[in-house]
Amino acid sequence: MTDLKDRKPILQLVGVRKTFNDFAAVEKIDLDIFEGEFFTIVGPSGSGKTTMLRMLAGMEAPSEGNITLHGERINDVPANKRPTCLVFQSLALFPHMSVGQNIEFPLKIKGVDAASRKARALELMAIVRLPASYYGKNVMKCSGGERQRVALARALAYDPEVLFFDEPLSAIDYKLKKVLEKELKDLHRETGKTFIYITHSLEEAMVMSDRIGVMRAGRLVQVGTPEEIYAAPVDRFVSEFVGEVNVIEVTRAGEGWQGVDVPGAFRAAAPHDQPQAHSAFVVIRPEYMRFLKDGEAADNMLEGVVYNEYSLGSRIQYQVRVGEKVMLVELSRANALPAAANRNVRLGWDVADAISVKA
Ligand code: ATP
């Protein structure tokens, strides 16, 4: 998509809060979602994603704050009066209807004539990559992935400005999911519509999104591009959410840091948003850790013993015990460590390959 700064916000949240009795499911959220962007809300179970989506889609009104669409306050506008459409997790297709009838349903409500409906349904089927021969097929005779496509085509038939996706790929097997992720991204580009997507899988979010909002305990803790979230997580929670990481707790010691949970002195930049921090977490991704050869040095070094080795397909992950802590090292198969089991090793990483986050 084009640069976000050139885009107009379509949905804006200002101080949005949602409470159930005394419990705040969503806390004071300020957020702009731009026209045509693929925005993903990600977070662990119970973090408030569904509540956010329900407010954005008009199924729930905020307890405080405002939601605007093109600058108009829509807090209390119900879902069916908004130019938005939710693609349900459970798909909610009409089981007694054919693929074509399902897709045409929104057009029928609008009073579009039968011939135009069919023509549009076939166009939409092509967009979501369903063969035209499926037009008369009962939707219950379609596979899970095909039904997903029918649901998408039906959502597009409403011609909404914003499409909401509530974990649409969570029940789909890994291989198909990978295919559908890429197709959804293509679909987003082809339609130019605003997609708002909910998932607990950051991996899914990373593949598809222009920007990601990470939620934790009702708060939006970070909003950024996939690259920003990966390379500059705001805190330990986000860094660990992004994938497997090594985290060392440190406190300031002169120019460098002293390990708290791992003995030793470490060199690392200060957290980018807290340059004067007295304590921090140093985060090193397993793929940036390496085994040092005899006599080889690195900015940071640790001694340990390999006690587990896992195949990740093209890569191998090693678990290395360093005192009480387990550190992860990931190498490509071509660089595998020979006779790794129980081997005494020296781990190394460079300052540039670690991130520091505030404690
Ligand atoms: P999941 O990934 O498990 O679906 P989520 O991130 O979507 O979780 P929400 O469903 O938004 O989280 O729930 C956030 C919190 O708000 C949870 O603690 C939940 O129990 C609470 N909550 C949600 N809806 C209600 C409700 N109608 N009444 C009371 N509490 C609710």
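Let's start with serine 170. Serine 170 sits in the loop between β7, residues 162-166, and α5, residues 174-191. Keep in mind that this is a predicted model. Now look across to histidine 278. Serine 170 and histidine 278 are 108 residues apart in sequence, and 41 Å apart in space, C-alpha to C-alpha.

Next, another loop residue. Tyrosine 134 lies between α3, residues 114-127, and α4. Tyrosine 134 has 19 C-beta neighbours inside 10 Å, so this residue also counts as partly exposed. The cut-off for buried is 20 or more. Leaving out residues up to four places away in sequence, tyrosine 134 touches Val99 and Met125.

On to the nonpolar cores. The largest one has 62 residues, and Ala153 and Phe164 touch the most other members. Which helix gives the most to this core? Helix α4, residues 144-157, with 7 residues. A second, separate core has 24 residues, including Ile248, Phe266, Ala268 and Met327.

Back to phenylalanine 164 for a moment. Set aside its neighbours within four places in sequence. Phenylalanine 164 then contacts Leu53, Leu56 and Ala57, along with Thr84, Cys85, Leu86, Val87 and Ile196.

Now the ligand. What surrounds it? Among the residues around the ligand are Phe20, Phe23, Ala25 and His200. Gly43 is there too, and so is the run Ser45, Gly46, Ser47, Gly48, Lys49, Thr50 and Thr51. By class, the shell has 3 nonpolar, 8 polar and 1 charged residues. β2, residues 23-34, and α1, residues 49-57, each supply at least two residues of that shell. α1 gives the most, with 3 residues.

Last stop, a sheet. This open sheet has 5 strands, in the order β15-β19-β16-β17-β18, and the pairing is antiparallel. Which strands stand at the edges? β15, residues 290-291, and β18, residues 325-332. Each has a single partner strand, so one side of each is left without a neighbour in the sheet. Inside the order, take β16, residues 300-311, and β17, residues 315-322. They pair in the antiparallel sense over 6 bridges. Tyrosine 310 stands opposite glutamine 317 in β17.

Terms used: Residues numbered from 1 in each chain as written. Predicted model: local features only at pLDDT ≥ 70, side-chain atom pairs only at ≥ 80, totals over all residues. Near = placed C-beta within 6 Å. Helix = DSSP H or I, 4+ residues; strand = E, 2+ residues; numbered from the N terminus. Nonpolar A, V, L, I, M, F, W, Y, C, P; charged D, E, K, R; others polar. Core = buried A, V, L, I, M, F, W, Y, C linked by C-beta atoms within 7 Å. Buried ≥ 20, exposed ≤ 12 C-beta atoms within 10 Å, placed from the backbone. Contact = placed C-beta atoms within 7 Å. Pairing = 2+ DSSP bridges.
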